[in-house]
Amino acid sequence: MTIAKRIVLFISLVVLVVALSMGFIALTITTRVLRQEAESSMLSQAEVAAALVAESINSRLNTLYELANQRDVRSMDFETQYEALINEIDHTGADDFAIIRPDGTAVHLKGGESINLATRDYVQKALRGESAISDVMGSGGGAVSVPYPIINYAVPIRNNGVVVGGLLARNNATIFSEIAKKTITRHGGLAYVLNSAGVVVAHPDTDLVMRSFSSIEAAKTDPRYKTRAEVALTALKQREGSMRHDVEGKMTFVGFSSVPGFDMVLVTMLEEQVILQELTTMRILMFVIVGSLMGLGIVAALFISRSIVKPIIAVSVTLKDISEGEGDLTRTIAYEAKNEIGELALYFNLTLQKIKNMVLLIKQQSASLLNLGGDLVTNMTKTAAAINEITASIRNIKGQVINQSNNVTETNAATEQITVNIDKLNGHVENQAVKVSQSSSAIEEMLSNIQSVTQTLIKNANNMKQLMEASEVGRTGLQDVAGDIQEIAHESEGILEINALMKNIASQTNLLSMNAAIEAAHAGEAGKGFAVVADEIRKLAESSSEQSKTISTVLKKIKGSIDKITASTDKVLGKFEAIDQGVKLVSDQETTIRGAMEEQGTGSKQILEVVGQLNDITQKVKGESAGMLHESGKVIQEGKHLEQVTHELTNGVNEMAISVEQINVAVNKVNELSSQNQSNINILVEAVSRFKVE
């Protein structure tokens, strides 16, 4: 679809949517306003009609008051009253007058009938001094049968301020129906009056009034009157207002107002369709306006689309000639309009001029680029060859450096091992020196000990004699102790029997406390104190039982210990005899040992002299070993320094190799780009040569 068609379609749609929206909004607002005005109008008409009804009633009551205040009427003499009122019947438009006696009897002027109206509410109000009216009555509703609805007006008759009777006027009630007819002027409108019971007392259809029709009562047997009954109930309940209600299937505006001063409600009704008929003309007018706007919109769209599309077509044709032809950049767009399209053509021509200048510049520079590209390719080829040779040399150096690094590492490891061995040797020499020193000291100490032992052996000979005498005394004392222990063992057996008796007593006490606790529980509240005593006795019995067990255990251990002591005493007595024999034997052996120790002292002095010479030699070896260890540490330090330098050299060569590899890759890439650049320059030269710029 072309731009012109799109513009026409878009503007037409916009105009249509705007017109329809405005029309819809106008209809919606108008409908709402009409409904609001209709409800307000129905209420206003109901209020006016109710006021007219009240005015009509009050007017007749005032006229009746004037007649009741005449002196002849206040006399309550029927003949006098008759003469005063008979001519006023026609003047007031009433059907008849009646004089109400204090007993509620009404005597009519025409015909002179007497009717007892004492039960009528409006009569009682008149006798109490109030003006009142009766309900509108149809056929059979009153004392007199007439072919039209009637209403009775009643006012009090006062004489010297005292109510002495009442004046009643019977009137044709169709006047209210006439007011209802005149209330609604529009076609299809309706107005009627309801009394407090919902009975129609005024209606354009007087037959309903004559029948005392009530939609509320009729709806109980006939569903058709349900909606009218709802309206009547709402009006009687609210007394004043308006609403929109469905009445017999048709939406209807309803207004209602109470008759001021009287228990009646005037209702006005008008179908919504009647009011909305006025919108038909507006709808037709809206369609005419929408059609006119559509026509104007299409014409405007055609004009706008042509004014917009024409210069665009000129630009399109020029661009087509440039793109499909020989690339003639010398062409321009001839458009002199002073608007946005004119500015578009102007800037388009300026753009073409700049493109032409750029193409000229590209043509001039492309030849230079072509020569530079050739030189760049030649130089990059030579550079790539040189880089390849440098790469090969660096790889060779890298291999040699790696071998040197490995050799330095191995040499350093061997030197460290030698140092470790020297360190171990130094340790052994130190250990040897220590051992020699310890040996020398031990020999000296041994020599001293031999002399000391010799002196000790001499002293031991005297001690042995004393020991033999003491052993004899000890054996005698030990025999006495054994007798005492036997006596203690006999006494401990008696204590064990006493402990068994205590254990039996504790058991009996515990049993007694349990029985006492049971009896205390049976005694209830009275036995609580005894239960506490029984519990304490039980605890004491348990404690005694535990202590008896402990004593029994201790006594058993004591008896076991006494038995062991008795056995040990017997053994000790045997040992004392063996000691006597051993002491004699030791005395003989000490004499032999003393001779041997004297000979050993002489040999130890000779060994001590040899160990002193060995210690001097070891100290000299230790000094030489320390010097070798110090020099070996320097060699290791220099080896580590050489290893570090070799490692740094290896890293540097590796970095150089990596950098050269990257340079080689970059040079090869640049070489490829140079070749591509040469091809692109050739293509650029060929493409630029297609444009016509002169």
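Ser56 counts as buried in this predicted model, at 12% relative accessibility, where buried means under 20% relative accessible area, exposed over 50%, and partly exposed in between (1.4 Å probe, protein chains only). The place of Ser56 is in helix 1; helices (H or I, at least four residues) and strands (E, at least two) are DSSP runs, numbered from the N terminus. Not counting residues up to four places away in sequence, Ser56 touches Ile175, Phe176 and Ile179, contact being defined as heavy atoms within 4.5 Å. Residues are numbered from 1 along each chain as its sequence is written, and side-chain values use heavy atoms, with hydrogens and water left out. Because the model is predicted, local features need pLDDT of at least 70 and side-chain atom pairs count only at pLDDT 80 or more, whereas totals for chains, interfaces and linings use all residues.

Phe176, one of the residues touched by Ser56, also belongs to the largest nonpolar core. A nonpolar core is a set of buried Ala, Val, Leu, Ile, Met, Phe, Trp, Tyr and Cys residues joined through side-chain atoms within 4.5 Å. The largest core has 60 residues, of which Ile57, Phe97, Leu167, Phe176, Met264 and Val267 touch the most other members. Helix 1 (residues 3–68) supplies the largest share of this core, ten residues. Apart from it lies another core, of eleven residues, including Val123, Ala126, Leu127 and Ala154. For Phe97, when neighbours within four places in sequence are left aside, the contacts are Leu64, Leu67, Leu85, Glu88, Ile89, Thr92, Val107, His108, Leu109, Leu168 and Ala169.

An open sheet is formed by six strands in the order 3-2-1-6-5-4, with antiparallel pairing. At its edges are strand 3 (114–116) and strand 4 (132–133), each of which pairs on one side only. Two strands are taken to pair if DSSP finds at least two bridges between them. Strands of a sheet pair through backbone hydrogen bonds, either parallel or antiparallel. Strand 1 (residues 96–100) and strand 6 (residues 162–172) run antiparallel and are joined by five bridges. Within this pairing, Asp96 stands opposite Arg170 in strand 6, and the bridge partner of Ile99 in strand 6 is Leu167. Leu167 is also among the core residues that touch the most other members.

Ten bridges join strand 5 to strand 6, and these strands run antiparallel. Asn159 stands opposite Val162 in strand 6. The hairpin of strand 5 and strand 6 has two residues between the strands, and Asn160 there takes a positive phi near 60 degrees. Most residues other than glycine have a negative phi. Asn160 has a positive phi although it is not a glycine, and this residue is exposed, with a relative accessible area of 73%.

A search of the whole structure finds nine salt bridges, each being a side-chain nitrogen of Lys or Arg within 4 Å of a carboxyl oxygen of Asp or Glu. In one of them the side chains of Arg228 and Glu248 meet at 2.8 Å, N to O. Arg228 lies in helix 9 (residues 226–238) and Glu248 in the loop between strand 9 (240–247) and strand 10 (250–258), so the pair ties together parts that are 20 residues apart in sequence. Arg228 is partly exposed, with a relative accessible area of 24%, and Glu248 is partly exposed at 43%. Glu248 likewise has a positive phi, of about 55 degrees, although it is not a glycine.

A salt bridge also links Asp263 with Arg239, the closest N and O atoms being 3.3 Å apart. Asp263 lies in the loop between strand 10 and strand 11 (264–271) and Arg239 in the loop between helix 9 and strand 9, so parts that are 24 residues apart in sequence are tied together. Both residues count as partly exposed, Asp263 at 46% relative accessibility and Arg239 at 24%. The side chains of Glu272 and Arg244 form a further salt bridge (2.8 Å, N to O). Here Glu272 lies in helix 10 (residues 272–276) and Arg244 in strand 9, so the pair ties together parts that are 28 residues apart in sequence. Glu272 counts as buried, at 8% relative accessibility, whereas Arg244 is partly exposed, with a relative accessible area of 34%.
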